[in-house]
Every structure is written in structure tokens, then in C-alpha cells.
Amino acid sequence: MTAVAERPAPAVSTGITAITGVGTATSGTSYTQAELLDLLGVEDPKMRSLFLNSAIERRHLTLPPPAAGGGRAAESQGDLLEKHKRVAVEMGCEALESCLKSAGATLADLRHLCCVTSTGFLTPGLSALIIRRLGIDPHCSRADIVGMGCNAGLNALGVVSGWSAAHPGELGVVLCSEACSAAYALDGTMRTAVVNSLFGDGAAALAVVAGDGPAQGPRVLKFESIIITDAVDAMRYDWDSAGGRFSFFLDPQIPYVVGAHAELVVDRLLSGTGLRRGDIGHWLVHSGGKKVIDAIVINLGLTRHDVRHTTGVLRDYGNLSSGSFLFSYERLAEEGVTRPGDYGVMMTMGPGSTIETALIQW
């Protein structure tokens with residue numbers, strides 16, 4: 001076998017953001033799909049099939065207390081919002097501290113915190129609550145991205161990359177904290193069964209710095225996105241007047257809509273770089289669901305190996321909304337297979353309907 005010469009580690013030029021650390025966290029209790037069916041009292045064969053044929057083995061969830069007649073008690077919107085506040089803050093703090101440790105940094109080094117969530121609404125937002133909880137410098141710059149959905153982690157990375165370019169050498173963090181079980185409705189309908197079979201609680205944080213010198217991690221080179229306006233209602237979180245709470249909706253056609261547009265945005269991302277899809281060594285795709293992943297694989301000509309971390313995260317955690325792709329990035333980092341000069345594509349999908357992408361290089 002011919003030896004492949006190792007490419008020199010790229011330097012970070014001023015204004016180019018480099019990823020320096022990653023950390024993740026989940027809520028306390030993990031359930032198998034079969035356990036959830038029993039705990040939630042789901043007996044309908046079609047609903048059971050959704051759970052058992054989802055390519056998900058386990059998920060972390062914060063379930064409501066048992067109901068008097070069996071199953072679990074439905075929670076009011078107020079209870080769900082309180083759950084979101086408690087769980088999202090707890091997971092967010094844990095993921096942030098893990099990320100800073102990975103980056104060789106401390107809370108005192110943090111200069112900008114951008115928090116992402118779509119599973120509850122808070123004012124003040126997660127950033128303020130986490131800064132207070134952890135005793136972070138109150139002069140820390142912050143931003144909150146709320147309601148953009150599963151694609152929002154890359155939207156936040158774009159925001160923090162811009163902040164980092166204007167503050168070279170200073171540490172910024174993207175923090176996605178999604179208490180998905182705070183968006184659950186237990187009403188026995190197929191609409192909510194689709195959601196309840198898929199999502200799990202999780203938080204993930206990514207540390208970034210712009211400046212000169214050797215890169216500690218991959219550089220973020222470019223972003224591209226597409227909003228499929230014809231499918232703006234295909235994924236939505238809206239008010240259910242009858243139930244007195246918000247309810248999430250997923251159109252059954254969304255995997256095919258997303259898959260059909262994946263080539264467009266990836267080709268635009270690579271345009272002008274001299275790269276082809278085959279030059280991308282690492283794909284970090286949102287774990288949106290089995291059909292979504294299959295559609296991306298088919299339309300981009302990827303292999304199962306290319307999306308091994310995407311499918312592994314789906315299997316072990318379910319869909320973690322905005323932070324899913326960072327769980328995959330953490331697994332890739334732990335795998336230790338990247339080489340200096342390798343290229344990667346990050347891809348997230350969510351309401352809009354939207355596909356976000358980023359090109360990175362080690």
C-alpha cells in the first residue's frame with residue numbers, strides 16, 4: 001500500500017474561525033422505544049410501529065408523572081414551559097462546562113455565548129439564565145436564537161463565527177439545549193405520535209476562536225443555505241386551541257422534500273472551492289430521522305459509512321433537534337480519524353423548510 005503523505009496543518013488566518021472544543025449532555029433517564037410504549041400506554045398498532053421501526057433504540061426524556069388510570073399524565077403548557085426552563089438550563093450548563101474542558105478553557109475565558117432552543121420560550125433567555133447559574137462574567141456578550149428548529153445550530157455557528165472574526169483571539173461558544181420532552185403532547189393522535197416517537201432531550205456546545213496560529217480543530221470556511229418556501233408549513237410548532245398548548249407537526253413528505261434539495265445547497269457550498277462531493281472526507285448530518293437520513297444519502301450519493309455518526313446518534317439518542325449534528329461531531333473527534341487538510345460538511349435541516357450547510361477543514 002502506498003503511503004499517503006500527511007498534509008501540513010493549516011494555519012488560522014485572522015477572521016477565520018476554528019473549532020477548539022465540543023461537549024454534550026443529556027437529561028437524566030434513558031428509555032428504550034419498547035419501554036416508552038408501555039409507559040405512555042400506547043396500544044394502537046400504527047403508533048407502535050412508528051416507535052419500533054424508527055431506527056432508534058433509546059432516548060433521554062423527562063416524562064410526566066404516572067396518571068391514576070395508567071400511562072402518563074398530560075401536562076399543561078405551563079408545566080411544559082417550566083420543564084423546559086429546568087431541563088434546558090441543567091443540560092446546557094453541563095454541555096458548556098464539558099465543551100470548555102475539551103477546549104482547554106475555563107468559564108473565565110468565555111467572551112460570547114450564543115444559546116439555541118426551539119422546545120420552549122423564555123425571557124430572559126437561556127444565555128442569561130446559564131450565565132447567572134454558572135457565575136460567568138456578567139460582561140460576557142450573549143445572544144439567543146429561539147424557534148428556528150433543528151437547523152438552528154448552524155445558524156448560530158454563523159453568528160458566532162461573525163462575532164469571532166470581529167474579536168480575534170477571544171472565545172465564543174454555540175450552545176444548543178433542547179428539552180424536547182417539554183414539547184410533547186400526550187393526546188393519542190397520530191400527529192403527536194410521530195413527534196413522540198422521534199425526539200429526545202440533549203444539549204451540545206461548540207467552542208470557536210478566530211486568529212492567527214496553528215488550528216486546534218477544523219476551520220469554518222463557508223456557509224450556504226436554502227429555504228424551501230413551498231414547504232414552509234411542512235414542519236411547524238403552533239398553538240392547539242383545543243388542547244390549550246403548542247403542538248409540533250411533521251409532514252410525512254418532508255424527508256423527500258429535504259432530500260430533493262440537498263444537492264442544490266451542497267453544490268452551492270462547494271462552488272468556487274475546486275472541491276467535489278467526493279473530496280469531502282467527513283459528513284456531519286443532522287439526525288432528523290431514518291427517512292430523512294436515507295433521503296440525504298441517496299440524493300448526495302453518500303455511503304452508510306459517511307453517515308455512521310448520524311445514524312449512531314439517532315440510534316442512541318433519537319432526534320436531538322438543533323444539537324444533533326454536534327453529537328456527531330463529538331463522535332468524529334473521539335474517533336481520531338481526521339487528518340490535517342481533510343474537508344468536512346456539516347448539514348442541518350429544519351422548519352422553513354430549511355437546509356443549512358457549512359464547509360470545514362482540519
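Predicted model: local features only at pLDDT ≥ 70, side-chain atom pairs only at ≥ 80, totals over all residues.
Me: Why is the protein called as compact as a globular protein of its length?
Reply: The protein contains ten helices and 13 strands; these are DSSP runs numbered from the N terminus, helices being H or I with at least four residues and strands E with at least two. Its radius of gyration is 20 Å, close to the 21 Å that the globule rule gives for 362 residues, and therefore the description applies. The radius is taken over C-alpha atoms, and the rule is 2.2 Å times the number of residues to the power 0.38. Along the principal axes, the C-alpha trace spans about 65 × 45 × 40 Å.

Me: What share of the contacts in the protein joins residues 24 or more positions apart?
Reply: Such residues account for 76% of the contacts with a separation of 6 or more, where contact means heavy atoms within 4.5 Å.

Me: What share of the residues counts as buried, and what does the word mean?
Reply: Of the 362 residues, 54% count as buried. Buried means under 20% relative accessible area, exposed means over 50%, and partly exposed lies in between (1.4 Å probe, protein chains only). The accessible surface of the protein comes to about 15100 Å², and 53% of it belongs to carbon and sulfur atoms. These areas come from the Shrake-Rupley method with a 1.4 Å probe, and for residues only the protein chains shown count as cover.

Me: How many disulfides does the structure hold, and what is a disulfide?
Reply: The structure holds zero disulfides. The term denotes a pair of cysteine sulfur atoms within 2.5 Å. For Cys114, the nearest cysteine sulfur is that of Cys115, 7.0 Å away, and Cys114 is in no disulfide. For Cys176, the nearest cysteine sulfur is that of Cys114, at 8.1 Å, and Cys176 is likewise in no disulfide.

Me: Are Cys114 and Cys176 buried or exposed?
Reply: Cys114 has 0% relative accessibility and therefore counts as buried. Cys176 has a relative accessible area of 1%, so it is also buried.

Me: What makes Phe199 and Phe248 an edge-to-face pair?
Reply: A search of the whole structure finds five aromatic pairs. Rings of Phe, Tyr and Trp (its six-membered ring) pair if their centres lie within 6.5 Å; planes under 30 degrees apart count as stacked, over 60 as edge-to-face and the rest as tilted. Phe199 and Phe248 are 5.7 Å apart centre to centre, with 75° between the planes, and the pair is edge-to-face. Phe199 lies in the loop between α6 (190-196) and β7 (202-210), and Phe248 in strand β10 (residues 245-250); the two are 49 residues apart, and the pair links distant parts of the chain. Phe199 is buried at a relative accessible area of 6%, and Phe248 is buried at 14%.

Me: Why is the pair of Tyr237 and Phe246 called stacked?
Reply: Their ring centres are 5.4 Å apart and their planes are at 25°, so the pair is stacked. Tyr237 has 29% relative accessibility and counts as partly exposed, as does Phe246 at 33%. Ring pairs link Phe199, Tyr237, Trp239, Phe246 and Phe248 into a cluster.

Me: Where does Ala55 lie, and is it buried or partly exposed?
Reply: Ala55 is in the loop between α2 (45-52) and β3 (58-60). Its phi is near 65°, a positive value in a residue other than glycine. At 41% relative accessibility, Ala55 counts as partly exposed.

Me: Why is Ser321 called buried?
Reply: Ser321 has a relative accessible area of 4%, and therefore it is buried. Ser321 lies in the loop between α9 (308-317) and α10 (324-335), and has a positive phi of about 60° although it is not a glycine.

Me: Which omega value belongs to the cis peptide bond from Thr123 to Pro124?
Reply: Omega for this bond is near 0°. Pro124 lies in the loop between β4 (110-117) and α4 (126-134).

Methods: Residues numbered from 1 in each chain as written. Heavy atoms only, no water.
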